[in-house]
Structure formats: C-alpha cells, structure tokens
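Subject: Structure for you to look at

Hello,

Please find the structure we spoke about below. My notes on it follow.

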Amino acid sequence: MKKATQPIPPGFHTVTASLIVRNGAEAIEFYKKALGAEEIMRMTGPDGKIGHAELKIGDSIIFVTDENPGMDCKSPQTLGGTASSLYLYVEDVDKAFQRAVDAGGKATMPVTDMFWGDRFGNFSDPYGHNWGLSTHTQDMTQEEIEEGAKAFHALMAQKKTA
C-alpha cells in the first residue's frame with residue numbers, strides 16, 4: 001500500500017522563500033557562516049551551478065538557486081536591486097546581527113528597539129538580498145503599537161527637517 005503524501009512536506013511551512021543568487025555555492029557558504037544555516041541538500045547542473053539547494057535556518061527552510069538569465073531567473077545583482085526582504089526571528093538579535101556583518105553582510109540599519117515590540121536591525125547580503133533580524137522583546141496591544149508608530153514617524157519627520 002502506498003503511503004499517503006502530505007500536501008506540505010515535513011519540515012516546511014506554507015510559505016518558503018526561494019533566493020536567486022549569483023554564485024550559489026559561495027552564497028550557501030555565506031548563509032551558513034552569517035545565519036547558521038544548515039545545508040539540507042544541493043543539486044548542481046552540468047555546468048556546476050546550483051540548480052536547487054535547500055537550507056534550514058532555525059525552523060524554516062529556504063531555497064537557493066543560481067541565476068539563469070536566459071530562463072528569466074535573475075539575481076538582485078543582475079536586476080540592480082530587490083523589492084523584497086526576509087524577516088528572521090532569532091534568540092539574540094545583537095549577536096546574530098554582528099555575526100552576519102562579520103561574515104560579509106552590510107549593515108543598513110543598526111539594531112534598535114522598535115515601536116512594535118521587537119529589537120530589530122537590517123543588513124544586505126553580498127548577493128543583493130535584504131534581511132531583517134529581530135528578537136521579540138515586548139508584547140504590545142495594537143493601540144500601543146499605533147501610538148509608538150505615530151511617535152516614530154514624528155521623530156523621523158523632525159530628523160528630515162534638521
């Protein structure tokens with residue numbers, strides 16, 4: 001008797017990020033060093049490029065593949081930027097952020113206590129992807145978050161005019 005197949009494979013969540021990068025093998029090593037990723041599997045094509053790889057970061061799996069512009073599979077470097085980012089919750093954001101920067105990530109926003117109850121920082125990886133690292137530090141009501149947002153936006157407006 002054939003075993004029933006699950007619609008979502010074991011270890012996966014409903015949404016899985018798939019990153020297209022230039023130099024996939026190098027990117028995988030960066031994600032291991034910067035984010036503590038564990039390589040689950042890797043398939044390479046005849047040219048040695050990554051056709052599909054799976055990495056586990058925390059309790060989530062991401063896909064990594066080498067770009068193939070001829071098949072409309074382009075990296076942020078080829079496109080000149082990205083319109084998305086990945087938000088990663090970690091136990092210790094300060095430590096994780098420093099690890100990512102030490103591994104070659106570029107800090108784009110230092111780790112800061114944010115109005116929504118997270119301690120949060122942003123970095124871009126060497127392959128053009130943006131990452132937000134966060135540790136949840138405070139449970140807040142929607143009203144508290146909205147008040148914090150107003151104060152934050154007022155402060156940002158003051159900084160623009162200064």
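Which residues of H4 are buried? In this predicted model, they are Ile145, Gly148 and Ala149. Seen down the axis of H4, these buried residues fall within an arc of 105°, so they line one face of the helix. The face turned away from that buried side carries exposed residues, namely Glu143, Lys150, Gln158 and Thr161. Helix H4 covers residues 142-161, 20 residues in total. From first C-alpha to last, H4 reaches 29 Å, close to the 28 Å expected at 1.5 Å a residue.

Next, the sheet. Four strands form an open sheet in the order S5-S8-S7-S6, with mixed pairing. S5 and S6 (106-113) stand at the edges with a single partner strand each, so one side of each has no neighbour in the sheet. On average, neighbouring strands are turned by 15° against each other, direction ignored. S7 (residues 118-124) pairs with S8 in the antiparallel sense, over seven bridges. Ser124 has Asn130, in S8, as its bridge partner. Helix H1 packs on the sheet and touches S5, S7 and S8; its direction makes about 25° with that of S8.

Last, the core. The largest nonpolar core has 27 residues, and those with the most contacts inside it include Tyr31, Phe123 and Trp131. Among the elements that give two or more residues to this core are H1 (24-35), S4 (60-66) and S8 (130-136). H1 gives the largest share, six residues. Not counting residues up to four places away in sequence, Tyr31 touches Leu19, Val64, Asp125 and Trp131, among others.

Regards

Definitions and conventions. Residues are numbered from 1 along each chain as its sequence is written. This is a predicted model: local features need pLDDT of at least 70, side-chain atom pairs count only at pLDDT 80 or more; totals for chains, interfaces and linings use all residues. Side-chain values use heavy atoms; hydrogens and water are left out. A nonpolar core is a set of buried Ala, Val, Leu, Ile, Met, Phe, Trp, Tyr and Cys residues joined through side-chain atoms within 4.5 Å. Buried means under 20% relative accessible area, exposed over 50%, partly exposed in between (1.4 Å probe, protein chains only). Contact means heavy atoms within 4.5 Å. The expected span of a helix is 1.5 Å times one less than its number of residues. The arc is that of the directions from the helix axis to the C-beta atoms. Two strands pair if DSSP finds at least two bridges between them. Axes are lines fitted to C-alpha atoms, for helices over the stretch in contact, and angles run from 0 to 180 degrees between N-to-C directions.
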